[in-house]
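Let's walk through this one together, in plain questions and answers. Have a look first, then read on.

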2 protein chains.
Amino acid sequence: MPNPTAAMLVIGDEILSGRTRDANMHHLAQEFAKHGIDLKEVRIVSDDRDAIVAALNALRQGYDHVVTSGGIGPTHDDITAPCVAKAFGVAISVRDDARAILQEHYDRQGSELNEARLRMARIPDGATLIENPVSAAPGFTLGNVHVMAGVPAVFQAMVSSVLPKMTGGQPLLSQTLRIERGEGDIAGPLSALAERFTDLSIGSYPYQRNGVYGANVVIRGTDGGRIDAAMSELSALFPEAVSH
Amino acid sequence: MPNPTAAMLVIGDEILSGRTRDANMHHLAQEFAKHGIDLKEVRIVSDDRDAIVAALNALRQGYDHVVTSGGIGPTHDDITAPCVAKAFGVAISVRDDARAILQEHYDRQGSELNEARLRMARIPDGATLIENPVSAAPGFTLGNVHVMAGVPAVFQAMVSSVLPKMTGGQPLLSQTLRIERGEGDIAGPLSALAERFTDLSIGSYPYQRNGVYGANVVIRGTDGGRIDAAMSELSALFPEAVSH
């Protein structure tokens, strides 16, 4: 059976404006690879209702799972939750269980659960909450969409909460061979190898370091024995290369 | 007149599998912000023909400019150029000027312009070449799509080649105020400020550092005077905050 597929939607003006680099995508990609879920697409859109709703609907129809990151805090630019409700055509309101989680958290902190913070208890109808052990305000899952915070520590905690509940497949395994030759010199043998190992994905990622051209050849798949076999053949062709 | 809009398409199995972190997106976002081009969306898709063609067609119809990154080298997994040709419905073949650039480069290196390397001279009909001062193999522009290499040094050089030819708008300016309070405490005043400065984008990016909650409030826009005005009001509300 093929692995489940997934997409990620990053709601991120701060990334599109060049202010910050995304960290959540890389984390999710690594976790999904370990868990046997194939991350097929990532989209980054700005804090714009129409853009978010359109992306949500395209991705949730195209993939088994969608993870969103960002836009579920208490400020005016946090619009992800109502956008998810709109994409699914359901209502959204402050929910008692989410409010209770926030009330307890802010009571313990000695802070007020004011109107702004109460926004974080707005949950679309039919969703289940995602635990947030870092800062209490929950994420939620609606259908195949998992809505998580953008702060990396919170995002990572939410991924840990949700991942065990997602049916995974075969973990994606990989081996890498660093070959210090121009890609043009290895392309022929590599292509021949890829044609014989069609169950594996063989990627070549060129680099240039101190004027020396080279490529990291990454062989990926779910069958470790097949990867070993392909890597042995490749290593025999380029005996000076370094596996890492 | 509003700024031109742009999208980026990253062709990147190596990012989706969690092997590497994208660097080109961050570079392009910063360059576009300086040049007054609004980066509105980024998509990352895998090395899959159908996915690349579909994304290309969606993005080139939705935005003034599209920049692609990756997949134009000599190996079997480099399929971006034929996908661009397919998206535009034009033919692709080895072009004399591109071949001459490669021939000169490999002659100088003492390497052979073999069949694999010649793949890098395949250019869709009607495209213009993008200079590559780093490793010779050119990118190309077809319609509003600018096709660039994935290796960061080459990508950056190609952006430098193309950017001066793209009509820019007003550079995106920004100021940031770091406020050491929970977002829930600043959300109310921030929302009121955003309602009065509708020409600016006011974003709040929460963080947690050593157990202390805070937020970076970023005010963005193209009118420096308006940003100053909004920032003065915000600073007056939170006198302990640090602008940076």
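**A helix, an interface and some salt bridges**

B:Arg108 and B:Glu104 sit four residues apart in helix H5 of chain B, so about one helical turn separates them. Helices (H or I, at least four residues) and strands (E, at least two) are DSSP runs, numbered from the N terminus. This is a predicted model, where local features need pLDDT of at least 70 and side-chain atom pairs count only at pLDDT 80 or more, while totals for chains, interfaces and linings use all residues. Residues are numbered from 1 along each chain as its sequence is written, chains are lettered from A and ligands numbered from 1 in the order in which they are written, and side-chain values use heavy atoms, with hydrogens and water left out.

Q: Is B:Arg108 buried or exposed?
A: Buried means under 20% relative accessible area, exposed over 50%, and partly exposed in between (1.4 Å probe, protein chains only). B:Arg108 has a relative accessible area of 61%, so the label is exposed.

Q: How much area do chain B and chain A bury between them?
A: Buried area is the accessible area (1.4 Å probe) that two parts lose on being put together, summed over both. Here, 53% of it is on carbon and sulfur atoms. The total is about 4,600 Å².

Q: Which three residues supply 14% of the area that chain B buries against chain A?
A: This trio gives more than any other three residues of chain B. They are B:Arg19, B:Arg21 and B:His76.

Q: How many residues does the contact take from chain A?
A: Contact means heavy atoms within 4.5 Å. Chain B puts in 59 residues. From chain A, the contact takes 59 residues.

Q: Which residue of chain B forms a salt bridge with A:Asp185?
A: The rule finds two salt bridges across the interface of chain B and chain A. In the one with A:Asp185, the closest N and O atoms are 3.2 Å apart. The partner is B:Arg117.

Q: Which residue in E2(B) stands opposite A:Val45?
A: Two strands pair if DSSP finds at least two bridges between them. Strand E2 of chain A is joined to E2(B) by five bridges, and the two run antiparallel. Opposite A:Val45 stands B:Glu41.

Q: How far apart in sequence are the parts that A:Arg181 and A:Glu240 tie together?
A: These side chains meet in a salt bridge, 3.0 Å from N to O. A:Arg181 lies in the loop between strand E9 and helix H8 of chain A, and A:Glu240 in the loop between helix H9 and strand E12, so the pair ties together parts of the chain whose separation is 59 residues.

Q: What separates the C-alpha atoms of B:Pro171 and B:Ala33?
A: B:Pro171 is in the loop between helix H7 and strand E9 of chain B, and is partly exposed at 36%. B:Ala33 is among the residues that B:Pro171 touches. The two are 138 residues apart along the chain, yet their C-alpha atoms are separated by 5.8 Å.

Definitions and conventions
A salt bridge is a side-chain nitrogen of Lys or Arg within 4 Å of a carboxyl oxygen of Asp or Glu. Lists of a residue's contacts leave out its neighbours within four places in sequence.
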